[in-house]
Amino acid sequence: MRAIHATEAGGPEVLTVVDLPDTPPGPGEVRVEVAAAGVNFIDTYRRGGVYPMEFPHVVGSEGAGTVVELGDGVTEFSVGDHVAWAAAPGSYAERVNVPVQEAIPVPAGIDLHTAAALPLQGMTAHYLSASTFPVSPGDVALVHAGAGGVGLLLTQLVVRRGGRVISTVSTEEKELLSREAGAEQVVRYTELDDLTGELPQIVRELTDGRGVDVVYDGVGRATFDASLGSLRPRGMLVLFGGSSGQVPPFDLQRLNGAGSLFVTRPTLAHYTADRAELLWRAADLFHAVADGLDVRIGQEFPLAEAAAAHTALEGRQTTGKVLLVP
């Protein structure tokens, strides 16, 4: 089978198409014919060596497809079932072994490309808005990268819970997408000379001087100080990613002086560690899709063009979800 190896830590150029043996599933696993694999920033962190990995390794952890073989002891699924997953290493491939505890049943009526676009970014948006800072009617959220894969879904989920969204984007096209998702106000950060100084001022003007209840920040280094400055007293900064780089250590006393603020650094694994919680989040998302949640697939690349997909993602040339199609 064809797969994508990261041969060493480095840029997109280290991604290489290889032919690997078709390995049967182990106990408690299902072998899946991949219909589409999700492309995510965590893949670039692993490829680049930000997160420790062995090299070479098959990149990717998210996707959807059809079960073609069952490992010993598997009773929950059958050959022919459609499944999706957020945490099966080696998903940039034509086939992958998915542990049953990570496999999500895909309901009838949900196509496999939509299913591949939901697990990581969709469940991230779900836990952010429903659990980390559970949005209540009237809450105001600042969502960075509002036209990205998480941003578009998160905005819709916040609005569905009765919240208001102020988003940041880079271009006019992305502003339109963010507004279509439900953002009331959109700030193009590329038009600001000083993000750290100007964004909090704009946010306070939009909130009658109060600041937002929560900032959902997946950008990291470039936005962290502006995010802190945009919060109301006792507001929460939810730092769930670092697409611009990791936030360096900072003085916790800043949280006191800025209004007894909260900062948390969550990750999806801790919000889906229990299978019942994983299935609840996934089922809630699939129900939302059936109820009109828009899952935007911005670009699809052939599997062999994984390097181009990473380049586009890291260069902020994408909107919505990016998929690789074997």
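Me: In this predicted model, which residue of β14 is the bridge partner of Met236?

Reply: Strands of a sheet pair through backbone hydrogen bonds, either parallel or antiparallel. In this predicted model, strand β13, which covers residues 231-239, pairs with β14 in the parallel sense over three bridges. Within β14, the bridge partner of Met236 is Phe262.

Me: Which strands stand at the edges of the open sheet?

Reply: The open sheet is formed by six strands with parallel pairing, in the order β11-β10-β9-β12-β13-β14. A strand at an edge has a single partner strand, so one side of it is left without a neighbour in the sheet. The strands in that position are β11 (185-188) and β14 (262-264).

Me: What angle does the direction of helix α3 make with that of β13?

Reply: Helix α3, made of residues 119-132, packs on the sheet, where it touches β12 (212-217), β13 and β14. When its direction is compared with that of β13, the angle is about 145°.

Me: Are helices α1 and α10 roughly parallel or roughly perpendicular to each other?

Reply: Two packed helices are described by the angle between their axes and the distance between the axes. Helix α1 (residues 41-48) and helix α10 (residues 306-314) have their axes 10 Å apart and pack at an angle of about 110°. Angles of 65 to 115 degrees count as roughly perpendicular, and α1 and α10 are therefore roughly perpendicular.

Me: How many residues of the contact of α1 with α10 are charged?

Reply: On the α1 side the contact is made by Phe41, Asp43, Thr44 and Arg47, and on the α10 side by His310, Leu313 and Glu314. Besides two nonpolar and two polar residues, the number of charged ones is three.

Terms used. Residues are numbered from 1 along each chain as its sequence is written. This is a predicted model: local features need pLDDT of at least 70, side-chain atom pairs count only at pLDDT 80 or more; totals for chains, interfaces and linings use all residues. Side-chain values use heavy atoms; hydrogens and water are left out. Axes are lines fitted to C-alpha atoms, for helices over the stretch in contact, and angles run from 0 to 180 degrees between N-to-C directions. Helices (H or I, at least four residues) and strands (E, at least two) are DSSP runs, numbered from the N terminus. Angles under 35 degrees count as roughly parallel, over 145 as roughly antiparallel, 65 to 115 as roughly perpendicular and the rest as oblique. Contact means heavy atoms within 4.5 Å. Ala, Val, Leu, Ile, Met, Phe, Trp, Tyr, Cys and Pro count as nonpolar, Asp, Glu, Lys and Arg as charged, and the others, Gly among them, as polar. Two strands pair if DSSP finds at least two bridges between them.
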